[in-house]
Amino acid sequence: LVVALIQTFLVFFAQQLLESVVRQSARLVMTGQVQSAQMTKDVFKQKVCDQVVILFNCSGLMVDMQVATSWSAADTGIPALTFDGTGTVQNTWQYDPGNSGDIVVLRVMYQWPVFLGPLGFNLSNLSNGNRLIMASAAFQNEPGS
């Protein structure tokens, strides 16, 4: 029971941290800082990673940013991950911070390792036994950004 409680707490805490990081990272895009600095995908991912070094391994972070044509077309859902034979995620993530007035969706994902607990308690939601945690933000870039 204690193992289950600790594991649940850690997943919840990691999810909350990821939500906070996505809000802060989305603000960089929304205010035009990413666009004016001409940040590449790797530089932006490092900015995200710099905020989560305590609980996450930076190489495991998956960042997807895309422009939506309308609010109803903004996809904030959890994507289906595809894995190769070694268990590496094969999805191709987009990186488009958009322009002034664009609707942008930022999703940051991480495979959290899960350990089986007593009585079959299992927090995994992926076929490889891990849990995909994700935070997303949908926003409209500020005018003039």
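The side chain of Asn141 reaches the backbone oxygen of Asn99 at 3.0 Å, a polar contact (a pair of N or O atoms within 3.5 Å; within protein, one must be able to donate a hydrogen and the other to accept it, and residues adjacent in sequence count only if both atoms are side-chain atoms). The model you are looking at is predicted, and local features need pLDDT of at least 70, side-chain atom pairs count only at pLDDT 80 or more, while totals for chains, interfaces and linings use all residues. Residues are numbered from 1 along each chain as its sequence is written, and side-chain values use heavy atoms, with hydrogens and water left out.

**Around Asn141**

- The side chain of Asn141 also reaches the backbone oxygen of Pro97, at 2.9 Å.
- You can find Asn141 in the segment after strand 3; helices (H or I, at least four residues) and strands (E, at least two) are DSSP runs, numbered from the N terminus.
- Asn141 is buried, with a relative accessible area of 2%; buried means under 20% relative accessible area, exposed over 50%, and partly exposed in between (1.4 Å probe, protein chains only).
- Leaving aside neighbours within four places in sequence, the residues in contact with Asn141 include Val29, Met30, Gln35, Gly98 and Val104; contact means heavy atoms within 4.5 Å.

- The 3 strands form an open sheet in the order 1-2-3, with antiparallel pairing; two strands pair if DSSP finds at least two bridges between them.
- Strand 1 (62-68) and strand 3 (131-140) stand at the edges with a single partner strand each, so one side of each has no neighbour in the sheet.
- From one strand to the next, the twist averages 15°; axes are lines fitted to C-alpha atoms, for helices over the stretch in contact, and angles run from 0 to 180 degrees between N-to-C directions.
- Strand 1 pairs with strand 2 (residues 103-112) in the antiparallel sense over 7 bridges, and Val63 has Val108 in strand 2 as its bridge partner.
- Helix 3 (residues 41-49) packs on the sheet and touches strand 1 and strand 2, with a direction that makes about 115° with that of strand 1.

**Helix 1**

- Helix 1 (residues 2-30) lies across strand 1, strand 2 and strand 3, and runs at about 25° to strand 3.
- With 29 residues, helix 1 reaches 42 Å from its first C-alpha to its last, close to the 42 Å expected at 1.5 Å a residue; the expected span is 1.5 Å times one less than the number of residues.
- Just after helix 1, Gly32 takes a positive phi of about 85°.

**Arg107**

- Arg107 is found in strand 2 and is buried, with a relative accessible area of 5%.
- The side chain of Arg107 reaches the backbone oxygen of Gly77 at 2.6 Å.
- Not counting residues up to four places away in sequence, Arg107 touches several others, including Met62, Asp64, Asp75, Pro79 and Met134.

**The disulfide**

- A search of the whole structure finds 1 disulfide, meaning a pair of cysteine sulfur atoms within 2.5 Å.
- Cys49 and Cys58 form this disulfide, with their sulfur atoms 1.3 Å apart.
- The link of Cys49 and Cys58 is left-handed, with -75° about the S-S bond.
- Cys49 is buried at 2% relative accessible area, whereas Cys58 counts as partly exposed at 25% relative accessibility.
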